[in-house]
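Visitor: I've got a model to look through and would like a hand reading it. Shall we go through it together?

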Amino acid sequence: AVQKQYSEGCHTEIISFHPPMKPLTGYRIAIDPGHIADDTVIGRLEEKFVSLNVPSGKDSVHVAFAEGQLTWQTAVLLAARLRDQGAEVIFTRSGPNMTAFGKTFEQWKKDDYIRTLDSLLKVDPKNQNLIDVKNGKYKGDRGIFRFVFRDADLRKRAEVINAFKPHLTIAIHYNVDETNSPWNKPSSKNFCMLFVPGAFQSGELSDSEKRFDFLRLLLLDDVEQSIKVSNLVGIQFAARLNVKLANATDATYLAASCRKTGRKGIYSRNLSMTRLVHGPIVFGETLYQDNGVEALALSQMNITDRISGQLTSKRVMQVADAYFQGVTEWFNSNK
């Protein structure tokens with residue numbers, strides 16, 4: 001019977017296997033790793049770095065790092081997790097020490113600085129800061145960075161994001177204790193907070209571009225969706241990092257430049273990225289880098305992440321996981 005079956009042939013049904021679709025398939029997510037520095041030289045130029053001695057037992061440990069290092073590591077970890085779930089992810093800058101223009105600050109200064117400064121002066125010829133930069137009043141690169149490059153870089157980031165038309169933008173930042181400048185000694189403070197669009201002040205409606213952004217935010221649901229997703233991310237910050245979400249009294253800028261949203265730790269603030277980026281945005285400010293405990297934990301880059309292959313710290317990995325869990329909850333709730 002077996003010989004007969006094989007000699008005559010047997011009918012075999014061919015079954016096609018279709019793997020289950022990953023939950024974030026079809027979604028586009030833009031990640032903006034805040035700032036650019038991958039070393040304390042550029043970190044000092046940005047004024048986004050810490051350098052302090054942290055008590056450790058009977059001795060102390062010197063810790064120094066730039067915020068841009070932390071944001072880049074977090075972005076790489078988060079992107080790997082999102083892509084693993086099917087999302088299409090882009091960054092606003094291509095790597096450590098890279099700007100949104102695809103080049104280092106030094107290369108940008110060589111290629112684009114003069115042209116950018118002249119363009120800004122044509123638009124705003126009475127801007128005293130620009131005039132002072134043009135006349136060489138500022139020594140070194142500080143004036144160029146602060147008054148010419150920084151705004152141009154932020155606008156380029158927003159341009160990259162808006163061209164991608166993402167379903168969500170995630171701007172990654174770490175914070176410091178504002179009263180502890182220049183962040184060369186440990187602080188005891190530590191909070192997390194998130195910003196969403198809104199809180200325009202009267203002087204910020206003086207030009208047509210900002211009035212357009214104001215109207216766009218009034219007409220669309222970007223603010224409401226930003227609050228919704230930020231709330232889910234904020235819950236994860238508090239739970240996974242074991243750090244409180246900030247009250248309005250915990251930093252002067254929260255009371256002076258922000259509006260409460262009705263959600264713990266989430267504030268409307270008219271930052272360049274919250275205003276210029278179209279669509280929902282999560283703008284996270286996790287952890288105070290100059291907090292003694294956090295500074296030590298963030299600097300201990302001794303773990304290689306399994307998904308991304310990025311060498312990082314356990315603390316940065318926890319931050320990335322908090323973003324990921326909150327963001328995926330938001331996408332799932334909108335299905």
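Visitor: Which residues on the other side of α5 are exposed?

Guide: A word on ground rules: this is a predicted model, where local features need pLDDT of at least 70, side-chain atom pairs count only at pLDDT 80 or more, and totals for chains, interfaces and linings use all residues. Residues are numbered from 1 along each chain as its sequence is written, and side-chain values use heavy atoms, with hydrogens and water left out. Helix α5 spans residues 113–123, helices being DSSP runs of H or I with at least four residues and strands runs of E with at least two, numbered from the N terminus. Exposed means over 50% relative accessible area, buried under 20%, and partly exposed in between, with a 1.4 Å probe and protein chains only; on that side of α5 the exposed ones are R115, K122 and V123.

Visitor: And what do the buried residues of α5 pack against?

Guide: The buried set includes Y113, T116, L117 and L121. Seen down the axis of α5, the buried residues fall within an arc of 135°, so they line one face of the helix; that arc is taken from the directions from the helix axis to the C-beta atoms. Counting contact as heavy atoms within 4.5 Å, they pack against α4 (105–111), α6 (128–134) and α7 (142–164).

Visitor: On to the sheet: which strands stand at its edges?

Guide: It's an open sheet of seven strands with mixed pairing, in the order β4-β1-β5-β9-β6-β8-β7. Two strands pair if DSSP finds at least two bridges between them. Each edge strand has a single partner, so one side of it is left without a neighbour in the sheet; the two are β4 (88–91) and β7 (258–260).

Visitor: How many bridges join β5 and β9?

Guide: On one flank, β5 (residues 168–175) pairs with β1 (residues 28–33) in the parallel sense over five bridges, with I31 opposite I170 and P33 opposite I172. On the β9 (residues 281–288) flank the sense is parallel too, and T169 has I281 as its bridge partner. The count for β5 and β9 is seven bridges.

Visitor: Is β5 mostly covered or open, and how many of its residues are buried?

Guide: Look at both faces: L168, I170, I172 and Y174 are buried on one side, T169, A171, H173 and N175 on the other. Helix α3 (residues 67–84) lies across β1, β4 and β5, running at about 145° to β5; that angle is between N-to-C directions, on a scale from 0 to 180 degrees, with axes fitted to C-alpha atoms, for helices over the stretch in contact. So β5 is mostly covered, with the buried count at eight of eight.

Visitor: What is the distance from the sulfur of C192 to the nearest cysteine sulfur?

Guide: A disulfide needs a pair of cysteine sulfur atoms within 2.5 Å, and the structure holds zero. C192 counts as buried because its relative accessibility is 0%, and C258 does too at 10%. The nearest sulfur to that of C192 belongs to C258, and the distance is 16 Å.
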